Every structure is written in C-alpha cells, then in structure tokens.
Amino acid sequence: MKLKGSLKYISNYFCTTQFSSMADIDNLKEEIQQFKASSQEQLEAFRIKFISRKSVIGALFGKMKEVPNEEKKAFGQHINELKNLAQNKFQELITQVDAGSDGENESKVDLTLPSSFAPLGSSHPITIIRNEIIDIFSKIGFNVSEGPEIEDDWHNFTALNFPPNHPAREMQDTFFIEKNPDIALRTHTSSVQIRVMENEKPPIRTLSPGRVFRNEAISARAHCIFHQVEGLFIDKNVSFVDLKQTIYFFVKEMFGSNTKIRFRPSYFPFTEPSAEIDISCNICGGSGCNICKYSGWVEIAGSGMVDPNVLTSANIDPEEYTGFAFGMGMERMAMLKWQINDLRLFTENDVRFLEQFKSL
Ligand code: PHE
C-alpha cells in the first residue's frame, strides 16, 4: 500500500494497525494540551509521562520498527509533532510553576519585596563643564547660540579674515569633504561668531559651545575631536578692558578666587590685538608638574578684539561697533578642574572613569 500523506487516509490506516491508532495519538495530544501544573510534583509527572525516555511518546518511537517501510514516514511525522507539542507545553508549565501561577492568572509575586535597582548614570564631564560655563556667563548677560558642525569655507575661514593661503586651511589641519573643498568639519567654534553677527544686530553677548574637528593624531594631549566654547561681545565702545574683566570674572568663578590669570600677546587672523590666556596650574598649584610642563601656567583660551575686517564681513559697521571674542577648550578646563591627565578618557566611555562624576 502506498501512502499519499492524506490525514484521513493515514488515520484510517493507523486505526486498523495493531501498533497504535491515530485515535491514541489524538488522545495523547488532547491530554497534553489540557495538562495543568501548579507544583513541582505535577511538573515531574508530566515529564515522566511525556518527555522522559520511558514516556508514552518514547514508546511510540519504539514501535517505529514494527511499522511497514512505506508507512514509516507518515507515522514518524505524527509522533514527532506529538513530541514537539509535549516539549513546548513542558517549557510553558515550567514558566508557570516558577512564576507561582497555574495558568489561571493567579499571581503569587511578593509585591512587598524591594525591587532590584538599575544603576544610575551620570552626566559626561564635558556636559558638566559646558553647563557650568554657561551658568557663569549667563550671570553677566550672555545667551547661548549654536552653529553647524559641517561648515562652509566662508564661515570657518574667509569671513574670519583668514588669508587665502593660510596654513590652517591646508589638509593637515582640516577635514574637508572629499567631493567639495568648500565644505569642511569646523575647526573651531569661531564660525558661530559669523553666523550670529549675520543674523543679529548689536549689542551681542553670546556663548557658542560645541564640537570641533582637527586632523591631529590622538594622544594624551591631542585629539581630532574636542570641544570649544566661543564668547562674543559686540557693542559700542567695547575695549580690551572689558575682555580682561570678563575673563577675570569667569576664571575666579570657575577655578576659585586664588587662581592667577595672565594674558600673552598672540596672533589670530580674526582678532587684533590678540592674546592667549593662561591660568596658574590648578594641578600643582603653580609649583610645576607635567600638565603645565613645569611652568606653573596652563593655557585655557585664545582671545582678542574682533578684527574690523570680520565685522565688515558680517555687515556690522566697525566705525560704530567694537567687540571682543574668546575661544576656550572645554576638555582643557575639565582636566584642570578634576585633575584628568589624559584627553582620550573623554571619548573612551570607560564606565569607571564616568562614574566618578556621579555626584556632580
Ligand atoms: N578660534 C581660536 C582657536 O580655535 C580661538 C579664538 C577664539 C581666538 C576667539 C580668538 C578669539 O584657537
């Protein structure tokens, strides 16, 4: 006899065999589906009857050798289905018994037990320092403005009075977009100065925090991604004294009233005169260490009076208005504040490092 795989046909066949009937298999199926367990003993009873090697299903497999060859396939399929059904049901029963429920939604969960706490995260040190800087400057009337990280040549360089062949435009410093040399990742937040001046009329008092990018090898002291905060102050009769006073106020608030400050003459295309700002080393207290290179001083910012050419680029009349600008490194500031000696720690996301800022 050749089996075609039709259920009715198989069923008829098994009904007439001496080995086992489809009715038997159906009954077992029914029994498995209806089975309820609320204790380990009942679970064990199910296991012995339907899962163990000596189970009824095991016995059916044992009868396989007595089934004529041409019917083996269909018979095998049926007991395999039964076996899968039993195994799935067994998993279901285990879950129910573990949860203390017999499947009738009867909850035995102890609601008075304390819950297990998920570990609390902490703000990243750069976020903390950014917020502190904004808080301090907001006390003297600065607002916050932001600009894009992908910038055009005009905002990052040309409007800031960079001469056409200035070395900072060259490939070793700037990440250009390959297909369009007019577009680059901004190398400083000074680009936001231009965007603010193009869109607002003086008086302007704004702070622009953000991420900047430079093509530098990564080490303890340098990184290709870091953060700056730009300050811009434009009004009538603004002088270098205002710049100095603003920086004095900020440094004393941030690092304490004993911190010393000095301005060193410097050069930036977009400020004239320009100065770099150093503070007494917060790590060794000025006596000399590897962070301040044994000088007792650490640079925290570049600054200066906004060059008249820059004001003109942004449609502000340099005869009427003057202003100052500064750009500070946030990582540097965080390093000094919390005695961090490796720039790479800020981007590695090592939880042991980040956890230390939990209480701040
Ligand atoms: N943009 C300068 C830098 O990245 C810093 C700076 C900002 C200097 C504003 C002067 C005025 O180094």
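Colleague: What separates Phe 46 and Phe 50 in helix H3?

Modeller: In this predicted model, both residues belong to helix H3, which spans residues 40-51. They are four residues apart, so about one helical turn separates them.

Colleague: Why is the aromatic pair of Phe 46 and Phe 50 called tilted?

Modeller: The ring centres of Phe 46 and Phe 50 are 4.8 Å apart, and rings pair if their centres lie within 6.5 Å. Their planes make an angle of 45 degrees. Planes under 30 degrees apart would count as stacked and over 60 as edge-to-face, so the pair is tilted.

Colleague: Are Phe 46 and Phe 50 buried or exposed?

Modeller: Phe 46 has 0% relative accessibility and Phe 50 has 3%. Buried means under 20%, so Phe 46 counts as buried, and so does Phe 50.

Colleague: What makes Phe 137 and Phe 250 a stacked pair?

Modeller: Their planes are at 15 degrees, with the ring centres 4.9 Å apart. An angle under 30 degrees counts as stacked, so that is the name for this pair.

Colleague: Which parts does the pair of Phe 137 and Phe 250 tie together?

Modeller: Phe 137 lies in helix H6 (residues 125-138) and Phe 250 in helix H9 (residues 240-255), so the pair ties together parts 113 residues apart in sequence. Both Phe 137 and Phe 250 are buried. They also belong to one aromatic cluster with Phe 142, Phe 233, Phe 324 and Phe 326.

Colleague: How do you know that the charged end of Lys 244 sits over the ring of Phe 263?

Modeller: The charged end of Lys 244 is 5.8 Å from the centre of that ring. The distance cut-off is within 6 Å, so this value passes.

Key. Residues numbered from 1 in each chain as written. Predicted model: local features only at pLDDT ≥ 70, side-chain atom pairs only at ≥ 80, totals over all residues. Heavy atoms only, no water. Phe/Tyr/Trp six-rings, centres within 6.5 Å; stacked < 30°, edge-to-face > 60°. Helix = DSSP H or I, 4+ residues; strand = E, 2+ residues; numbered from the N terminus. Buried < 20%, exposed > 50% of the residue type's maximum accessible area, 1.4 Å probe, protein only. Lys NZ or Arg CZ within 6 Å of the ring centre and 35° of its normal.
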